[in-house]
Amino acid sequence: AITSVTGRRVLDSRGNPTVEVDVELADGSLGRAAVPSGASTGAREAVELRDGDPARWHGRGVDRAVRHVGTELAAAVIGRDAEDQAGLDAALVAADGTATRSRLGANAILGVSLASAKAAAAAHRLPLYRYLGGAGARLLPVPMMNIVNGGAHADNPLDFQEFMVAPVGAETFAEAVRMGSEIFHSLRRDLLAAGHSTGVGDEGGFAPALRTAEEALDFVMTAVERAGYRPGADVGLVMDPATSEFFRDGVYDYTGEGVRRTPAEQVDYLAGLIDAYPVLSVEDPMAEDDLEGWRELTARVGSRCQLTGDDVFCTNEALLREGIDSGVANSVLVKVNQVGTLTEALATVSAAHRAGYTAVMSHRSGETEDTTIADLAVATGCGQIKTGSLSRSDRTAKYNQLIRIEEQLGGSARFAGAEALRRRDQ
Ligand code: PGA
Ligand code: ZN
């Protein structure tokens with residue numbers, strides 16, 4: 001049973017405060033989890049509670065959320081069985097009492113939820129992926145490595161937020177990491193040679209002053225080739241344009257490029273990029289408020305490209321179900337803090353898989369050294385993880401944890417490969 005719940009304030013990768021929680025059980029087992037934080041958040045995400053006092057942390061303090069961990073949320077779970085994750089998460093949600101988790105804070109709730117799961121795993125002396133996923137959890141995910149940053153994650157003019165490489169042709173996860181690292185360093189050389197900055201953005205990818213997606217994709221393609229890999233066969237391209245950030249008054253407003261695209265033009269533009277480059281997956285190609293555009297693009301390219309809903313679904317099972325019923329996307333991004341509890345995030349993955357949708361486990365742009373999502377990717381068998389570039393310890397920590405998991409699984413480990421990005425009913 002849970003005997004103590006402690007919250008504290010720690011720093012995230014952007015130097016902002018975030019919530020960390022320790023949960024202790026009667027047998028002395030300890031679980032610890034730190035909560036991440038987004039910058040390009042969906043409108044229907046669970047609410048991250050911030051103090052809003054401009055005199056402290058520029059308004060971004062989490063003192064109230066930390067207090068809620070030690071008071072109301074602790075009271076809701078102390079004495080409970082940490083193995084009953086569903087019951088425990090329901091108690092946390094009930095203690096908050098709001099649909100959006102705005103009273104006690106989704107950041108406070110998620111910290112307790114994840115730390116409890118880790119304490120339960122520790123009590124069983126099992127690694128988290130094994131405790132949650134059972135003996136069958138042995139699929140290592142394809143990493144989607146974000147090597148060019150733009151949008152809300154960098155100060156450059158690039159309108160698209162993320163340009164990623166997915167080493168689908170690797171034999172093992174460890175080899176995928178090597179390939180990603182080699183491409184990352186090839187890209188760095190090419191950017192330097194072209195006179196660009198090689199400073200990195202929030203997710204550890206380079207943030208050169210490029211203006212168009214095509215320029216970024218060309219640099220990435222060249223880097224893949226110069227590292228010795230075949231674009232498409234060995235390494236696929238993945239993008240997260242994060243279009244909700246620049247969809248204004250019904251138009252996609254590309255301020256860096258200096259172009260506006262109507263939803264119909266946006267569909268044509270994306271379909272053109274998917275045809276011109278070996279793009280395996282695009283996340284948020286259409287905005288959360290442009291469901292019509294989402295349906296059009298899904299009908300047009302959904303059979304040959306993974307289309308992942310982030311802002312449009314917010315890891316929320318009800319929103320995902322609406323999307324499944326109306327032909328929006330064919331994949332869901334899973335960010336545990338968008339919904340607030342582990343139980344709900346796992347339910348969203350199950351709902352996706354049952355409908356033939358794929359699921360991609362994901363970090364946030366504000367992260368910590370916490371590696372829970374690496375274990376969740378293996379536990380759910382979703383076969384894909386998006387956790388940033390090959391630099392910044394907040395990103396590499398997840399890759400390093402997956403390297404350890406693969407080693408621990410030994411001969412039974414399997415690397416997901418390109419198959420993981422295909423709809424399960426195809
Ligand atoms: P965020 O962005 O964590 O800043 O919200 C990540 C994403 O859009 O996928
Ligand atoms: Zn996204």
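Predicted model: local features only at pLDDT ≥ 70, side-chain atom pairs only at ≥ 80, totals over all residues.
E283 is buried, with a relative accessible area of 4%.

## The zinc site

The zinc ion (ligand 2) is coordinated by D240 (OD), E283 (OE) and D310 (OD), at 2.0 to 2.2 Å. Along the chain these donors follow the spacing D-x42-E-x26-D. E283 belongs to strand β11 (residues 279–283), whereas D310 sits in the loop between β12 (306–309) and α9 (317–326), so the pair ties together parts that are 27 residues apart in sequence. D310 is buried too, with a relative accessible area of 2%; the cut-off for buried is under 20%.

## Annotated binding-site residues

An unreviewed UniProt entry carries the annotation "binding site" for Q161, K335, R364, S365 and K386.

Where does Q161 lie? Q161 is in the loop between β5 (142–149) and β6 (162–166). Its relative accessible area is 2%, so Q161 counts as buried under the 20% cut-off. Not counting residues up to four places away in sequence, Q161 touches S40, V148, N149, G150, G151, A152, H153, D240, P241 and A242. One of these contacts, D240, is also a donor to the zinc ion (ligand 2).

K335 lies in the loop between β13 (331–334) and α10 (336–339). Its relative accessibility is 6%, and K335 therefore counts as buried. Leaving aside neighbours within four places in sequence, K335 is in contact with D310, T315, S362, H363 and R364.

The table collects the accessibility values for the residues discussed so far.

| Residue | Location | Relative accessible area |
|---|---|---|
| E283 | strand β11 (residues 279–283) | 4% |
| D310 | loop between β12 (306–309) and α9 (317–326) | 2% |
| Q161 | loop between β5 (142–149) and β6 (162–166) | 2% |
| K335 | loop between β13 (331–334) and α10 (336–339) | 6% |

## The N-terminal span

UniProt, in an unreviewed entry, places the feature "domain: Enolase N-terminal" at residues 2–132. The end C-alpha atoms of this span lie 18 Å apart, and the span is 38% helix and 18% strand.

Strand β1 (residues 2–11) pairs with β2 in the antiparallel sense over nine bridges. Within this pairing, R8 has E20 in β2 as its bridge partner. The two strands form a hairpin with five residues between them, and G15 in the turn has a positive phi of about 80 degrees.

β2 also runs antiparallel to strand β3 (residues 30–34), to which five bridges join it. V21 stands opposite A33 in β3. The hairpin of β2 and β3 has four residues between the strands, and G28 there takes a positive phi near 90 degrees.

Is strand β2 enclosed or open? Eight of the nine residues of β2 (residues 17–25) are buried, so the strand is largely enclosed by the rest of the structure.

Strand β9 (residues 251–254) pairs with β8 in the antiparallel sense over two bridges, and F247 stands opposite Y252 in β9.

The axes of helix α5 (residues 173–193) and helix α13 (residues 393–409) come within 9 Å and cross at roughly 150 degrees. That angle makes α5 roughly antiparallel to α13. On the α5 side the contacts involve F173, A174 and V177, which meet Y399, L402, I403 and E406 in α13.

How many residues of helix α12 are buried? In α12 (residues 372–380), nine of nine residues are buried, and the helix is mostly covered. Those buried residues are T372, I373, A374, D375, L376, A377, V378, A379 and T380. Just after α12, G381 takes a positive phi of about 65 degrees.

How values were computed:
Residues numbered from 1 in each chain as written. Chains lettered and ligands numbered in written order. Heavy atoms only, no water. Pairing = 2+ DSSP bridges. Donors = N, O, S within 2.8 Å, 3.2 Å for Na, K, Ca; no water. Buried < 20%, exposed > 50% of the residue type's maximum accessible area, 1.4 Å probe, protein only. UniProt positions renumbered as here; feature names shortened; annotations may be inferred. Axes fitted to C-alpha atoms, helices over the stretch in contact; angles between N-to-C directions. Parallel < 35°, antiparallel > 145°, perpendicular 65-115°, else oblique. Contact = heavy atoms within 4.5 Å.
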